[in-house]
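Okay everyone, thanks for coming. Let me put the sequence and the structure up on the screen, and then I'll walk you through a few spots.

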Number of protein chains: 2
Amino acid sequence: MSLAQIRYFVAVAEERNVGRAARRLHVAQPPISRQIRSLEEELGSPLFRRTPRGMDLLPAGEVFLEHARGILVAVEVATDATRRAGS
Amino acid sequence: MSLAQIRYFVAVAEERNVGRAARRLHVAQPPISRQIRSLEEELGSPLFRRTPRGMDLLPAGEVFLEHARGILVAVEVATDATRRAGS
DNA sequence: TGAGGTTACGCCTATCGTAATAATG
DNA sequence: CATTATTACGATAGGCGTAACCTCA
C-alpha cells in the first residue's frame, strides 16, 4: 500500500467517478484504475461496485474511506509539526 | 513522502543505527541512508545527528517519530478493519 | 451507442544492491 | 584503524501516459 493509492482511493470515493478523480489529481485515468484494483487485491476485497455511470462505494470501501482520510491528515500533521520543530 | 520512508525512519530511530535498521527490515544500508536523507530534505530539516557510532535523534526527529508511529499503526488498523468488513 | 472503466504497451523515473569511498572518535 | 554512514553505478521494478478495447443500460 502506498500513500498515492490512498489519495487515489479517496478522490474516487468522493467523486464516484474515475475520470473526475483523475482530473482532480492531474493524472490520467488508467493509473487511478490500476492503483484502485491493486489496493482491492491487497485488501482482499472489492471497495467499489463498477457501474456504467461510475463507481459506487461498497461497505468495505466506506470503512476504508474513513481510515484513509485520517491517514492523509496524519501525514500532513506530521509534516507540519516536524517542519515547525526544525525551524 | 512514502510509507517505506516512514518505516525506514522508525527503524533507524529505534535502532539508532542504519546497519541494524537495515538488517531488521531485510534491506541493504544504502537504501535506508538515501531514503532518510530524502525525507529530511522533504521536511526541510535534519532528523538525525550522524556520529561514528550511529544516528542520534534530533528534536525534529523526536517530533516526527511520534507522528510516524501513529501513521503506521493507522495503516494497519485501516487494513484490518477493511479486511474484516469485506468478509 | 455513448459514457466510463480497463488492458496493452512502451517509456521513464525511482529504488534497490554491490562495491568503493569518506568521516570520525 | 575500526566502525558506520555515504556515494557511485549498473540493473530492475513500478508507475505513468497514449491508444485501443470492453461493458452495459
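**A walk through the model**

Let's start with Gly61(A), which is buried, because its relative accessible area is 0% (buried means under 20% relative accessible area, exposed over 50%, partly exposed in between, with a 1.4 Å probe and protein chains only). Before I go on, some housekeeping: this is a predicted model, where local features need pLDDT of at least 70 and side-chain atom pairs count only at pLDDT 80 or more, while totals for chains, interfaces and linings use all residues. Residues are numbered from 1 along each chain as its sequence is written, chains are lettered from A and ligands numbered from 1 in the order in which they are written, and side-chain values use heavy atoms, with hydrogens and water left out.

Back to Gly61(A): you'll find it in helix H4 of chain A. Helices here are DSSP runs of H or I with at least four residues, strands are runs of E with at least two, and both are numbered from the N terminus. Setting aside residues up to four places away in sequence, Gly61(A) touches Phe9(A) and Leu47(A), where contact means heavy atoms within 4.5 Å. As for Ala21(A), 40 residues from Gly61(A) along the chain, the two C-alpha atoms are separated by 16 Å.

**The ring cluster**

Phe9(A) brings us to the rings. Which residues do ring pairs link into a cluster? They are Phe9(A), Phe48(A) and Phe64(A). The rule is that rings of Phe, Tyr and Trp (its six-membered ring) pair if their centres lie within 6.5 Å; planes under 30 degrees apart are stacked, over 60 edge-to-face, and the rest tilted. Over all chains, that gives four aromatic pairs.

One of them is Phe9(A) with Phe48(A), a tilted pair at 5.4 Å centre to centre, with 45° between the planes. Phe9(A) sits in helix H1 (residues 3-15) of chain A and Phe48(A) in strand E1 (residues 48-51) of chain A, so this pair ties together parts 39 residues apart in sequence. Phe48(A) counts as buried, at 3% relative accessibility, and Phe9(A) does too, at 0%.

Then there's Phe9(A) with Phe64(A): the ring centres are 5.0 Å apart and the planes are at 75°, so that pair is edge-to-face. Here helix H1 of chain A, with Phe9(A), is linked to helix H4 of chain A, with Phe64(A), across 55 residues. Phe64(A) is buried as well, at 0% relative accessibility.

**A stop at a loop**

Now over to Asn17(A), in the loop between H1 and helix H2 (18-25) of chain A. Buried or exposed? Asn17(A) counts as buried, at 16% relative accessibility. Leaving aside neighbours within four places in sequence, it is in contact with Val12(A), Arg53(A) and Met55(A).

**Where the chains meet**

Last stop: 22 residues of chain A are in contact with 22 residues of chain B. The area buried between chain A and chain B is about 1900 Å², with carbon and sulfur atoms giving 74% of that; buried area is the accessible area (1.4 Å probe) that two parts lose on being put together, summed over both. How many salt bridges are there between chain A and chain B? The count is zero, a salt bridge being a side-chain nitrogen of Lys or Arg within 4 Å of a carboxyl oxygen of Asp or Glu.
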